[in-house]
Amino acid sequence: MLKAEIQYHSTRGEAGDVNYWKAMMEGLAPDQGLYLPTQWPDLSETLWNNIQGKSIQEIGRQIARAFISDISDEKLDALVTDALSFDAPLRSLHDDLYVLELFYGPTLAFKDFGARFMARLMSYQALKNDQKMVILVATSGDTGSAVGQAFEGVEGIDVCLLYPSGKVSKLQEQQLTTIGNNVTALEVDGTFDDCQKLVKDAFADQDLRNQLVLSSANSINIGRLLPQMFYYGRALAQLEEQTEVHFCVPSGNFGNLTAGMMAAKTGMPARQFLAGTNVNDVVPEFLREGTFTPRPSQNTISSAMDVGNPSNLERIRALFTEMPLLKNHLWATSFDDNQTREAIAKVYQEAGYTLDPHTAVGYLTAQQYKQEENCDHPIVILSTAHPAKFSDIVEPVIDANIELPPALKESMSKDKKSIKASTSYPAFKSFLLSEYV
Ligand SMILES: *Cc1c(COP(=O)(O)O)cnc(C)c1O
């Protein structure tokens, strides 16, 4: 095992190497690139070759230790254990198809893993530096609640979520506005783009930043990707045979899939990664035609994957610089909403299992791959959200009710608490100064 401290460098190569803490606190590198480790610890002997039966916490502690220095074993272990308070169970669907259920966190989606881990590490850093911090997040729904929940009650850090009034679902709004404590929801009279603009203006405002330490909890942050490696390990820990496993990932910004590739870099046995997208298919097109053409996103029923310019492709291209090499590791395809609905109905009828629309895209991807490539090895489909989160789409398709899990029921029964805001930046700035300084 590598003893030297792992450093992080920018994909654009024009920023200096930094340690984990700086990479996480900065989010984006100064040259606008994304952070990646400069070296890859080999965890074959210590972790991957004897992964069977290991818990998510055990796996998390080992991977975190290999990538993060300047913190005691005891403290890091405690933070990892606290972040990973729920499991990622593997279910067998049929014919060597497995579903890795990543929806047992507080907001019922995989983003809870990354957000909870990063929240605890940011809090540790803020307290160590005796610093108060404010996290600003513009959200169109799901990211805001995952980040808000993750930081709820976390010491040293306040969170301000900005969401567009009337443009998120009732369920999403309840999740955003009922967290309370150190998490404030601003209901902006405008669009998601207006929310994003307010956050960008705040980050660009030197006068504000002299008075307030600001940070973002954006999905491009290496601090959110690192913990997403853990559950790939947890999937293998639940399989009898760990060789020739394929991982199939429903993808939007490609952060989830990048985390799997990072795990593979440390020796995780994975035959290939399969990416499924909705009609926002710039990555499948890139693999097919060799050109990357970002474009405005189209709305679909798998809305968390409506991304027209997936930011983590920059990391993937840095990991595999040659196209033939990349194709050897990544296979991708796309499906439209009708196909997605059909898959939800079929799996419900034939296997008695309810897929959410994102996972359904993953299921279709795995099936297509199996047929086209004659694959009879296990395929693990990452299930990114609980179907109850998208009951408005799923219930009519399966013609049945989906029971709300307790976490959702609880937020539906609480009183909404939001502060109305306009799209004016000066008003936003005075709010931040009066609230947090
Ligand atoms: C965010 C999200 C995705 C897409 O994940 P990426 O890491 O952006 O590729 C898929 N499904 C759900 C439910 C999500 O919330």
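## Strand 7 and its partners

Strand 6 (residues 157-164) and strand 7 run parallel and are joined by six bridges; strands here are DSSP runs of E with at least two residues, helices are runs of H or I with at least four, both numbered from the N terminus, and two strands pair if DSSP finds at least two bridges between them. Leucine 162 stands opposite leucine 186 of strand 7. Leucine 186 also faces isoleucine 419 in strand 13, and strand 13 (residues 419-421) pairs with strand 7 in the parallel sense over three bridges.

This is a predicted model: local features need pLDDT of at least 70, side-chain atom pairs count only at pLDDT 80 or more, and totals for chains, interfaces and linings use all residues. Residues are numbered from 1 along each chain as its sequence is written, and side-chain values use heavy atoms, with hydrogens and water left out.

## How enclosed is strand 7?

Six of the six residues of strand 7 (residues 183-188) are buried, so the strand is largely enclosed by the rest of the structure; buried means under 20% relative accessible area, exposed over 50%, partly exposed in between (1.4 Å probe, protein chains only). Val183, Ala185 and Glu187 cover one side, and Thr184, Leu186 and Val188 the other.

## Aromatic pairs

Rings of Phe, Tyr and Trp (its six-membered ring) pair if their centres lie within 6.5 Å, with planes under 30 degrees apart stacked, over 60 edge-to-face and the rest tilted. The count comes to 16 aromatic pairs. One of them is edge-to-face, phenylalanine 286 with phenylalanine 292, at 6.2 Å centre to centre and 75° between the planes. Phenylalanine 286 counts as buried because its relative accessibility is 4%.
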